[in-house]
Amino acid sequence: MRMIKYMFLAYKTLAFNLLRGCCSFSKTRPLLKSSTSKMTVHAPWNQLPNDIWSSIFERLGLEDRLRFDLVCKQWRSNIKRTPQLLWLMLPYDRNSQYLSFFDMCEGKIRKFNLPGSAQGGWFSGCSKGWLFLVTGMDVDDLRIFLFDPISRSQIPLPPLSTISSFKDSFTARHPGWNPAACIINGVEISSSDASQCIVVIKFSINNRILALCRPQDERWTIVEGLLGDEYYYGNFSFFDGELYACILSSDKENNNQDPCFQTHSIILGSQRVNLKLISSTPPPTNLIFAADADESILYYKDSFRWPYLVESNGQLLVVTQVYDRIMDLDDSDSDSDSDNDNDDGDRTSLFMYFQAATFQVKKIQTIDDTLHTAVLTDVGNQSLFVGAGDCLAVKNCDKLYKNCIYFLHNMDYSLHKQDYPLISREAGVYYLEDGSIQRCLPSIKTQNHCLYMFWFSPNIKSRVLG
């Protein structure tokens, strides 16, 4: 342990010297001198084993990691072997001049100043170290960017007005809402390298189409007509160079339990993108579990399901979050004679609340060139993060619980009824071993719509277009 500490201090000093311009060494100088004047010769610094490099890097804070990345190619390549950074992006006020993140591994708040061009904008998601920034309030002046909070780089994307359904979706906006949230409810990019990435978004109103682009494109490419009338897009993610998307059915009578897979090819300029559609999440059972005497308050089990795609140890996982629901119904205007216990008839919902109940984890595997799913009950020493923002697996972080799922779901109920409470934030930790849930992340109440929180994995090696 003393030797590791000594090496760490020695090579940190070396990094400082390299940054001052001492970028080459023709000979390796001895680090120690014995009392008998015999020189102890150590291996050259550039021949240290990868596990030593990784061990050193894991002990560095964010600022030192950034310096580490700038020293040389070999040091930079070792970043890929170290655990991902994982932050929680805190709600952003449009009047603020900085962004705040909670570092999940180091347990501290990090703040980054915003350039003037990004202030007053809306953040509608994130992926692979880039935030999805939208500026402007009117149809004609909305602009969309990829924004890196560390380097403060902004990469412009094609105007939203090039999307055929854009204006129709924007007219359905709610007063005071984040304008982008009325249009977009999902974003993903293929690579942290903005010069080569593909951006994919899905929409709040028309959730049966996707839009793709590259930063240098002039317009968005629309993907439509692939889904049946009862299906819509859920979570999506790039894996092994291909785009995977979960699709869900809005038909409560669709009881097909067997997973279904489809592959489509999308032409994006001179580039071909394979889109794999995954239908492996059956509709919820939506069973009434409890009710009061006059059935004005109902408690449903398994009322809603939402799948997330997570890359883990070279495999793609489907993590499905299952929700229960409580409803407070208004009988004053009900004239329905429905006697179906699973039907609310024509009664108006005064209040509705979704609560995470359990999770299901499956891995996608290829057998004889055919995709299949297999249930997982254990993810080892990993911590899975699902919900708003980046969905990913984190290993070897001592401050995180292992074999569990950290979940974060933002629900703005005013979308359904204007006098609902503005935001419910279902967040916590689900333990795969016993199925228990610890709700240790606070739900922050706000009077501003769509000030969501996101899981965010910063990219300290982000590169921008030249």
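Hi everyone. A search of the whole structure turns up 0 disulfides. In case the term is new to you, a disulfide is a covalent bond between the sulfur atoms of two cysteines. Take C126 as an example: this cysteine is in no disulfide, and the nearest cysteine sulfur, that of C391, sits 9.2 Å away. Is C126 buried or exposed? C126 is buried, because its relative accessible area is 3%, and the cut-off for buried is under 20%. C105 has a relative accessible area of 17%, so C105 is buried too.

Please keep in mind that what we are looking at is a predicted model.

Now let's step back and look at the whole chain. It has 466 residues, and buried residues make up 49% of them. You can count 5 helices and 28 strands. The accessible surface comes to about 23200 Å², and carbon and sulfur atoms own 48% of that. Here is one about folding back: among contacts with a separation of 6 or more, 54% are between residues 24 or more positions apart.

Let's go inside. In soluble globular proteins, nonpolar side chains tend to be buried together. In this model, the largest nonpolar core has 26 residues, and V310, V319, F359, L384, V386 and I405 are those with the most contacts inside it. Which strands supply at least two residues each to this core? They are β19 (297–312), β20 (315–330), β21 (348–367), β23 (382–387) and β25 (404–411). A second, separate core has 23 residues, including L142, L146, I201 and W220.

Find L384 on your screen. Setting aside neighbours within four places in sequence, L384 is in contact with V310, L317, V319, V379, L392, A393, C404, I405 and Y406.

S383 counts as buried because its relative accessibility is 1%. What does S383 contact, leaving aside neighbours within four places in sequence? The list is L392, A393, V394, L400, Y401, K402, C404 and Y406. One of these, L400, is 17 residues away in sequence, with 7.0 Å between the C-alpha atoms of S383 and L400. With Y401 there is a polar contact: a polar atom of the S383 side chain is 2.5 Å from the backbone oxygen of Y401.

N396 has 48% relative accessibility, so it counts as partly exposed.

My last stop is T162, in the loop between β9 (154–156) and α5 (166–170). T162 is buried, because its relative accessible area is 17%. Where does its side chain reach at 2.8 Å? The T162 side chain reaches the backbone oxygen of P159. A polar atom of that side chain also lies 3.3 Å from the backbone nitrogen of W220. Not counting residues up to four places away in sequence, T162 touches E218, R219 and W220. You have met W220 already, as one of the residues in the second core.

Note on methods. Residues numbered from 1 in each chain as written. Predicted model: local features only at pLDDT ≥ 70, side-chain atom pairs only at ≥ 80, totals over all residues. Heavy atoms only, no water. Core = buried A, V, L, I, M, F, W, Y, C linked by side-chain atoms within 4.5 Å. Buried < 20%, exposed > 50% of the residue type's maximum accessible area, 1.4 Å probe, protein only. Helix = DSSP H or I, 4+ residues; strand = E, 2+ residues; numbered from the N terminus. Contact = heavy atoms within 4.5 Å. Polar contact = N/O pair within 3.5 Å; in protein donor to acceptor, adjacent residues only side chain to side chain. Areas by Shrake-Rupley, 256 points an atom, 1.4 Å probe, with all protein chains shown as cover. Disulfide = S-S within 2.5 Å.
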